[in-house]
Protein chains: 2
Amino acid sequence: MHSASSRTDATLLEVARDAGVSKTSVSRYFGGERERLSADLQARIAGAAQRLGYRPNQMARSLKGGRSRLIGMLVADIRNPFSVAVMHGLEQACRARGFSLMVCNTDNDPAQEREHLALLAGYRVEGLVINPTGQPSHELRQLADQGLPLVLLDRTLGDLEADVVGLDNAHAIDTALDHLLAQGYGEVLYLSEPPSRASSRQARLARVEQRLGEGAGLSGEACCLEPGDAPALNAAIAAFLAAPGAAPKALLCANGNVTLAATRALQALDVGLGETGLMGIDELDWCELVAPGITTLAQPTEDIGRAAVDRLLRRLDAPGERAPPRRSDYGGRLIARGSTRR
Amino acid sequence: MHSASSRTDATLLEVARDAGVSKTSVSRYFGGERERLSADLQARIAGAAQRLGYRPNQMARSLKGGRSRLIGMLVADIRNPFSVAVMHGLEQACRARGFSLMVCNTDNDPAQEREHLALLAGYRVEGLVINPTGQPSHELRQLADQGLPLVLLDRTLGDLEADVVGLDNAHAIDTALDHLLAQGYGEVLYLSEPPSRASSRQARLARVEQRLGEGAGLSGEACCLEPGDAPALNAAIAAFLAAPGAAPKALLCANGNVTLAATRALQALDVGLGETGLMGIDELDWCELVAPGITTLAQPTEDIGRAAVDRLLRRLDAPGERAPPRRSDYGGRLIARGSTRR
DNA sequence: TTGTACGCGTTATCAA
DNA sequence: TTGATAACGCGTACAA
């Protein structure tokens, strides 16, 4: 029963010989043209393939046809649940349309990004979905210039010619601030990681500053801190809460990581949630568990994943068209909980 | 600056022509044999490759050489942080040793598992790391019989010839129960998903029942529920807490999912953590946030990932040896928090 | 409906 | 140190 130890896979030719037919027929059988074969041949081929444990060699297949049927994904931080959720949507959409997804994690490291890019290019992925780290690397620009379909998640990247799929940041900020206002909060501290080169952070920050500048019942400030700098975060929050002001105060967090850090900080400062408002962009499964529940704005991650694949395949179907980059924005969903109930 | 829209990658032959050398020399240059080429040739090839934006075609490379340099991973639930953490370790280890990781998510669906298996086999992965769903599929058994190196994460799978890497379940249970005992709890409710075909769940459950049967200061029971059946869970916990008994009571959760569900249930029942003990296997980033912090037993996920790759490559380096399956167990790390402090 | 012959981009073998 | 040539496994004309 156990086969030889050589680990040589059966080839199309072997199947053909075993079945007593030609290579072409076997190729047709596995290439989705079974109808064109006689019932007899089909049975013989199926039998032989079964017997030999034959599997078409994708490498050879894509070498010949030029179609690898592979989509690459570059994700900045695989441990970020948001990235995983998008990846899940992507993968589903890819499979549904006959593609496979090759995922590479860069750990926010430009060197790893370059390395992985070379890898994906080597496997001749037909499209690339990227959750970019910072500046577009030379490798990436080169691929883009070659005309490889590119979709950026959540943020634009320099002047790169690529579609962008992500949250409608201005609308998301409006939704959040309107919610806080409606709940009776008047003073807001917006917490974000440094927006430096991440366009989505810039967009959110800009909208926050615009809204807070307008007045209209809300005032406050924005504060950008390096992720992981807990002391600075604690200090910033403490200062905000200690500052004089009659209106109830609330914290708005730019993403899931910040929400996590801010929740830690509030616990360290022994501040009650709700009394002081807390709200974050990105829904996480623990947000309902931290009493009395943390209000979030959930991103439609599956939609985003699907949209990314759509963009990619649209470009693949119209090769050489060079349509202008397009951006698709999706709205978030407000999940109100106790942390914004006074 | 912009290249043609055709998306045809430069080939080795084109580089050779542009550089005025032979294919062989270019192949040597990119195949890691640069030392054997004269400085002049090296420079000419480098220039031409640069100019043309050449990237070796992995497909063709692996077609010829038979080495795809690909490791496949099949994960049952990509949204499980434990899986992601292991995947992270795997990926690092793969890269460090010149391999790439192709990850497929099965969403616990046997049909998807089969499909993805066919895919990975098609790309001629040289090894497979699997977080199995249930019964070994026919496809999987076939690959194993062919001698494809296989590593199972966390659970054995029927009589499949494969290495297994995971937690030392008996030791983990002992650590957990000893901790609960030391903290003064005497009555334990062990919560798990149905162990049906998952060997690690069986192992944990068996050890729990053995220990609870021994007495030695601990008594209690085990309760297996379908994931997501919140009403049943609430009822089970309520019954446990209502039952007469002098000793302080504690819940022990078999994995992260169960911990999440149990935490929800305890909140619904308005039970204070600590007063009633709560402890879970698997560390999650929110466990410290749910007041007063949830005690966990963290799995050494990165170690597990690395070990899996080690096993795989060891078999790859000794082809045809058919060493007997081997199992590697790793110890967990206790993270004591307020939920087990009375 | 079935088979023959060639090429995809690369590496390996052998000769110079 | 270099180069010519034959595979690798498959798809796809084209011919029968």
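**Exercise 1. A proline in a loop**

Decide whether P149(B) is buried or exposed in this predicted model.

*Solution.* 
Step 1. Count the neighbours. P149(B) has 23 other C-beta atoms within 10 Å.
Step 2. Apply the cut-off. A residue is buried if 20 or more other C-beta atoms lie within 10 Å of its own. P149(B) is therefore buried.
Step 3. P149(B) sits in the loop between α7 (138-145) and β4 (150-153) of chain B.
Step 4. Find its partners. Setting aside neighbours within four places in sequence, P149(B) is in contact with G127(B), L312(B), R315(B) and L316(B).
Step 5. Check one distance. P149(B) and D163(B) are 14 residues apart along the chain, and their C-alpha atoms are separated by 8.4 Å.

**Exercise 2. Positive phi**

Find where D270(A) and D107(B) lie, and classify the exposure of each.

*Solution.* 
Step 1. Read the angles. Phi of D270(A) is near 60°, a positive value in a residue other than glycine. For D107(B), also a residue other than glycine, phi is positive and near 50°.
Step 2. Locate the residues. D270(A) belongs to the loop between α11 and β9 of chain A. D107(B) belongs to the loop between β2 (100-105) and α6 (110-122) of chain B.
Step 3. Classify D270(A). It has 6 other C-beta atoms within 10 Å, so D270(A) is exposed.
Step 4. Classify D107(B). It has 16 C-beta neighbours inside 10 Å, so D107(B) counts as partly exposed.

**Exercise 3. Cis peptide bonds**

State which residues the cis peptide bond joins in chain A and which in chain B.

*Solution.* 
Step 1. Take chain A. The cis bond joins A291(A) and P292(A), with omega about 0°. P292(A) is in the loop between β9 (277-281) and β10 (295-298) of chain A.
Step 2. Take chain B. A cis bond joins A291(B) and P292(B), and omega is about 0°. P292(B) is in the loop between β9 (277-281) and β10 (295-298) of chain B.

**Exercise 4. Two packed helices**

Describe how α6(A) and α7(A) pack.

*Solution.* 
Step 1. Two packed helices are described by the angle between their axes and the distance between the axes.
Step 2. Give the values. The angle between α6(A) and α7(A) is about 30°, and their axes are 9 Å apart.
Step 3. Name the arrangement. Angles under 35 degrees count as roughly parallel. So α6(A) is roughly parallel to α7(A).
Step 4. List the residues. From α6(A) come R114(A), L117(A), A118(A) and A121(A). They meet E139(A), L140(A) and L143(A) of α7(A).
Step 5. Sort by class. The contact of α6(A) with α7(A) has 5 nonpolar, no polar and 2 charged residues.

**Exercise 5. The overall form of chain A**

Compare the radius of gyration of chain A with that of a compact globule.

*Solution.* 
Step 1. A compact globule of 342 residues would have a radius of gyration near 20 Å.
Step 2. Compare. Chain A has 26 Å.
Step 3. Along its principal axes the C-alpha trace of chain A spans about 90 × 45 × 35 Å.
Step 4. In chain A, 46% of the 342 residues count as buried.
Step 5. Look at the contacts. Among those in chain A between residues at least 6 apart in sequence, 70% join residues at least 24 apart.
Step 6. Count the elements. Chain A has 12 helices and 12 strands.

**Exercise 6. Where chain A touches chain B**

Work out which element gives the largest share of the side of chain A that touches chain B.

*Solution.* 
Step 1. Count both sides. The contact takes 47 residues from chain A and 46 residues from chain B.
Step 2. List the contributors. The elements of chain A that each supply at least two residues to this side include α4 (58-65), α5 (81-96) and α11 (256-268).
Step 3. Pick the top one. The largest share, 5 residues, comes from α4(A).
Step 4. Sort by class. This side of chain A has 19 nonpolar, 19 polar and 9 charged residues.

Notes
Residues are numbered from 1 along each chain as its sequence is written. Chains are lettered from A and ligands numbered from 1 in the order in which they are written. This is a predicted model: local features need pLDDT of at least 70, side-chain atom pairs count only at pLDDT 80 or more; totals for chains, interfaces and linings use all residues. Two residues are in contact if their C-beta atoms, placed from the backbone, lie within 7 Å. Helices (H or I, at least four residues) and strands (E, at least two) are DSSP runs, numbered from the N terminus. Ala, Val, Leu, Ile, Met, Phe, Trp, Tyr, Cys and Pro count as nonpolar, Asp, Glu, Lys and Arg as charged, and the others, Gly among them, as polar. Axes are lines fitted to C-alpha atoms, for helices over the stretch in contact, and angles run from 0 to 180 degrees between N-to-C directions. Angles under 35 degrees count as roughly parallel, over 145 as roughly antiparallel, 65 to 115 as roughly perpendicular and the rest as oblique. The radius of gyration is taken over C-alpha atoms; the globule rule is 2.2 Å times the number of residues to the power 0.38. A residue is buried if 20 or more other C-beta atoms lie within 10 Å of its own, exposed if 12 or fewer, and partly exposed in between; C-beta atoms are placed from the backbone.
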